[in-house]
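Subject: The structure, plus some notes

Hi,

Here is the structure I said I would pass along. Have a look at it first, then read on.

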Amino acid sequence: MAGSAPGGGRPLIITEDPLLLDDLLRLCAAAGAEPHVRHEVPERGGAVGVGGEAGSPGWESAPLVLVGDDAARRVRGAPRRAGVFLVGRDLDDPQVWQRAVEIGAEEVLRLPDAESRLVDRIADVVEGAGRPALAVGVIGGSGGAGASTLACALAVRAARAGERTILIDGDPLGGGMDVLLGGESAEGLRWPDFAASRGRVGAGALEESLPELHDLRVLSWDRGDRVVVPPAAIRSVVAAARRRGGVVVVDLPRRVDEPVAEVLAQLDLVLMVVPGELRSVAAAGRVAAGVRMVARDVRVVVRGRCAGGLDPESVAGLLGAPLAGEVPVEVGLPGRVAEGEPPGTQGKGALARFCDGFWQRALGSGQGVPA
């Protein structure tokens, strides 16, 4: 899970320029950050050091350091570190890049043009931007493959294992993942509420705004007529979900349009569910071709045994993708779902065993998905 940033998530500002300081304090407030401010660079041990009062982060411990252009020359002797930005307002100063190199700045930010960029970086610190969530998409290789069932079960099992989990419904025509979880009337935001989003979406605010069902958060569609959310808004929402760490599971539609491509580009892995029948295998080949144009890693999950002598390894081979595993058809699952029991709830069922094994391999390898 995401850990808190060093220095308590509070950036360090070093400047004696009152106008620049006002701008930086305003931008920190917009990002929800309370910075520490140094107006001077004290001498320490005969060398230039950037310390602070008791309890405040110094140069080396602050998660982010914003150096005003007026203070650049005074911090040249400070140790090199990541997360230093040189900030000013003079767009025409040809020496600014030299000063940035001298202090080891990652970037030169000129206000007001770079305000949104700076707010984003400060907000990352506030949200404790650490290891992003392991993001897994689930897509059906054919109609009725059971992709939504697997996506729901993966999210339920991850949450029960103690992972911070967000389940995202990527299919506006799929009926709603909140319904599958038995929470269609639960309070919280749905996809149409984010249609007007512009720019960054706060990770903490997103998580808190979504319905909480079975120890996980779910972003689903409502029962209204609106089924289109701009790709830029989708990109921002998925990125925010990932910044909170833990696990993100996305139920994907079989078509790959621009909004779906925005989601695929942010996924670590896509599991393609293929029923054990030859016709489904043929259909899955076309789906896989479209997904591979965007996704980095596509793997096959075979549901049920194939007739005609095909084993799961042969199905994966025909589709040209690694085999992630086989999920036997679970007797009684449709009836339990109809009675309000989400997929994956039965810990001893075949579906839950597959999901538990998948997360043990994926999360046990340091949040990378082993081949």
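Below is what turned up, going from the whole chain down to single residues.

Some ground rules first: this is a predicted model, so local features need pLDDT of at least 70 and side-chain atom pairs count only at pLDDT 80 or more, while totals for chains, interfaces and linings use all residues. Numbering starts from 1 along each chain as its sequence is written, and side-chain values use heavy atoms, with hydrogens and water left out.

**The whole chain**

The secondary structure comes to twelve helices and 15 strands; these are DSSP runs numbered from the N terminus, with helices being H or I of at least four residues and strands E of at least two. Of the 371 residues, 54% count as buried (under 20% relative accessible area; exposed is over 50%, partly exposed in between, with a 1.4 Å probe and protein chains only). If you take contacts (heavy atoms within 4.5 Å) between residues at least 6 apart in sequence, 69% of them join residues at least 24 apart. The chain exposes about 16300 Å², and carbon and sulfur atoms supply 51% of that (areas by the Shrake-Rupley method with a 1.4 Å probe; for residues, only the protein chains shown count as cover).

**The sheet**

Eight strands form an open sheet with mixed pairing, in the order β10-β11-β9-β12-β8-β13-β14-β15. Its edge strands are β10 (212-213) and β15, each of which pairs on one side only. Two strands count as paired if DSSP finds at least two bridges between them.

Take β14 (residues 298-303), where five of the six residues are buried. On one side, β14 pairs with β13 (residues 269-275) in the parallel sense over six bridges, and R299 is the bridge partner of L271. To get from β13 to β14, the chain passes through helix α9 (residues 278-292) in a right-handed β-α-β crossover; right-handed means that, with the strands pointing away from the viewer, the path from the first strand over the helix to the second runs clockwise. β14 also pairs with β15 (residues 323-327), again in the parallel sense, over four bridges, with V302 bridged to E326.

The loop between β10 and β11 holds both H214 and D215. Neither is a glycine, yet H214 has a positive phi of about 55 degrees and D215 one of about 70 degrees. H214 is partly exposed, at 37% relative accessible area, whereas D215 is exposed, at 58%.

There is also a cis peptide bond between L111 and P112, with omega about 10 degrees. P112 lies in the loop between β7 (107-110) and α3 (115-126).

**Around α7**

L173, V227 and V228 make a nonpolar surface patch of about 280 Å². Patch residues have over 30% relative accessible area and no salt bridge; like charges are joined within 9 Å, and nonpolar side chains (Val, Leu, Ile, Met, Phe, Trp, Tyr) within 5 Å. A salt bridge here is a side-chain nitrogen of Lys or Arg within 4 Å of a carboxyl oxygen of Asp or Glu. V227 is in the loop between β11 (216-219) and α7 (231-243) and is partly exposed, with a relative accessible area of 34%.

In helix α7 itself you will find S236, which counts as buried because its relative accessibility is 15%. Leaving aside neighbours within four places in sequence, S236 is in contact with G199 and V201.

Cheers
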